[in-house]
Each structure stands twice: as C-alpha cells, then as structure tokens.
Amino acid sequence: MLPSFLKRPPDFDLFPLEDEHLTLAADLHRKWFSPSWSAGEFRKLLAQNPVYGHIVRANRRASEAAGFVLARSVDDESEILTICVDRQFSRNGLGWRLMVAAMQEARARGAQAMLLEVSAENAAALSLYGRLGFVEVGRRKAYYTHDDGTRTTALVMRRELG
C-alpha cells in the first residue's frame, strides 16, 4: 500500500487568463473540441473588454494547463464561452473552482445571471452545472456537429448570481 503522501493529488494554482497562457489554453481546447480555437482566437476574444477567464495549472506541471474557463459579461448577464479540464486532472474539483471563479468575477462586473450551453450528452458537465444551481432554460436541437457528422442537442442553462 502506498503512503498517503504519494497518493496526494497535485496542488493547483488558479490565475487570471492572460496572453502568456493562451497557447496552453488552445492546446487543452484542442484535446476536447473540434473545431478547436487557436491561441490567436483566444487572444482576439480576451482583448474584448467584457471577456475574461481563469486558468488552473498544476504546480508540478507549470508548462501545462490543467483547465481553464473563458466568459463574457455584458450588462447584467454573463455567459460561459468555453470551459475544459484536462482528463488527467479530472475529479480534482477543478471544474468547480473554475466555474466559481467565473461566477465571482461575473458578479463583480455587475452580472445578475450566468448562462452557458452544454451538450445534452455531457453527463459530467451536466452534473457539475446542476450542483452549481444551473437549470435548463432552453434547447438547441442538432446544435453541435461531431467529426463523424452526427449532431447533438445543446442545452441552454442559467443560474441567478444574486
């Protein structure tokens, strides 16, 4: 049996998403999404005043992103543009931490509610969003197209930030 200190998960640091992190974010986005966003596309989004994000990096692997979130706040609403956590770091609470950081910043920017879209097939994300208090407010049938041509419904979810 391994001593507990050898089983301890890596420590993680959460930072505001900045230009220096965009290649890391694009590399991780490529692992999850097709089509994925390039570092240049992330840069263009982040250059817009209402767009903000956070990145989580494992202390022991500072050259990799363990996860990130990108969001946009306009007037009294905020929206998650994209979020992902590297599979090797799943089940460490990183999605939760990223979502909480995004919601806190949204509130600080004056948002009263947060919206997001998620594939109806993404059980892990749906579970996380449900635990965070998001509820389904709409559906976009056949919204996402997969590499094999199949299509998936997107669920639109909302949470009051009050």
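These legends describe close-up views of a predicted model.

**View 1**
Seven strands form an open sheet with mixed pairing. Their order is S1-S2-S3-S4-S5-S7-S6. Strand S1 (12-16) and S6 stand at the edges, and each has a single partner strand, so one side of each lacks a neighbour in the sheet. On average, neighbouring strands are turned by 20° against each other, direction ignored. Strands of a sheet pair through backbone hydrogen bonds, in a parallel or an antiparallel sense.

**View 2. Strand S2 and its pairing with S1 and S3.**
S1 and S2 run antiparallel and are joined by five bridges. In this pair, Leu 14 stands opposite Val 56 of S2. S2 and S3 also run antiparallel, with six bridges between them. Here His 54 stands opposite Val 69 of S3.
How many of the eight residues of S2 are buried? Eight of the eight are, so S2 is largely enclosed by the rest of the structure. In a regular strand, side chains alternate between the two faces of the sheet. Both faces of S2 are covered. Val 51, Gly 53, Ile 55 and Arg 57 are buried on one side. Tyr 52, His 54, Val 56 and Ala 58 are buried on the other.

**View 3. Helices H2 and H3.**
Helix H2 (residues 22-32) packs on helix H3 (residues 39-46) at an angle of about 120°. Their axes are 8 Å apart. H2 passes H3 in a right-handed crossing. From H2, the contact takes in Leu 22, Thr 23, Ala 25, Ala 26 and His 29. From H3 come Ala 39, Phe 42, Arg 43 and Leu 46. By class, this contact has six nonpolar, two polar and one charged residues.

**View 4. The buried residues of H2.**
Leu 22, Leu 24, Ala 25, Ala 26, Leu 28 and His 29 are the buried residues of H2. In an α-helix there are 3.6 residues a turn, so residues three or four places apart point the same way. Which elements are included in what covers the buried residues of H2? The cover includes H3, strand S2 (51-58), S3 and S4.

**View 5. Helices H4 and H5.**
The axes of helix H4 (residues 94-108) and helix H5 (residues 123-131) come within 11 Å. They cross at roughly 50°, which makes H4 oblique to H5. The crossing of H4 past H5 is right-handed. H4 contributes Gly 95, Trp 96 and Met 99 to the contact. H5 contributes Leu 128, Tyr 129 and Arg 131. These contact residues divide into four nonpolar, one polar and one charged.

**View 6. H5 across the sheet, with strands S5 and S7.**
H5 lies across S4, S5 and S7. It runs at about 160° to S5. Strand S5 (residues 113-119) pairs with strand S7 (residues 151-160) in the antiparallel sense, over seven bridges. Ala 113 has Glu 160 as its bridge partner in S7.

**View 7. Phe 134 and its surroundings.**
Phe 134 is found in the loop between H5 and S6. Its relative accessibility is 3%, so Phe 134 counts as buried. Beyond its neighbours within four places in sequence, Phe 134 is in contact with Met 99, Met 103, Met 114, Leu 116, Tyr 129, Met 157, Arg 158 and Arg 159. Leu 116 is 18 residues from Phe 134 in sequence. The C-alpha to C-alpha separation of this pair is 8.9 Å.

**View 8. Thr 152 in strand S7.**
Thr 152 belongs to strand S7. Buried or exposed? Thr 152 counts as buried, because its relative accessibility is 2%. Neighbours within four places in sequence aside, its contacts include Ser 119, Ala 120 and Glu 121. Also among them are Arg 140, Ala 142, Tyr 143, Tyr 144 and His 146.

**View 9. Two residues with positive phi.**
Most residues other than glycine have a negative phi. Asp 75 has a positive phi of about 55° although it is not a glycine. Asp 75 sits in the loop between strand S3 (67-74) and strand S4 (77-85). With 70% relative accessibility, Asp 75 counts as exposed. Ala 142 has a positive phi near 55°. This residue lies in strand S6 (residues 135-145). Ala 142 counts as partly exposed, at 31% relative accessibility.

Notes:
Residues are numbered from 1 along each chain as its sequence is written. This is a predicted model: local features need pLDDT of at least 70, side-chain atom pairs count only at pLDDT 80 or more; totals for chains, interfaces and linings use all residues. Side-chain values use heavy atoms; hydrogens and water are left out. Axes are lines fitted to C-alpha atoms, for helices over the stretch in contact, and angles run from 0 to 180 degrees between N-to-C directions. Helices (H or I, at least four residues) and strands (E, at least two) are DSSP runs, numbered from the N terminus. Angles under 35 degrees count as roughly parallel, over 145 as roughly antiparallel, 65 to 115 as roughly perpendicular and the rest as oblique. A crossing is left-handed if the near helix is turned anticlockwise from the far one by less than a right angle, and right-handed if clockwise. Contact means heavy atoms within 4.5 Å. Ala, Val, Leu, Ile, Met, Phe, Trp, Tyr, Cys and Pro count as nonpolar, Asp, Glu, Lys and Arg as charged, and the others, Gly among them, as polar. Buried means under 20% relative accessible area, exposed over 50%, partly exposed in between (1.4 Å probe, protein chains only). Two strands pair if DSSP finds at least two bridges between them.
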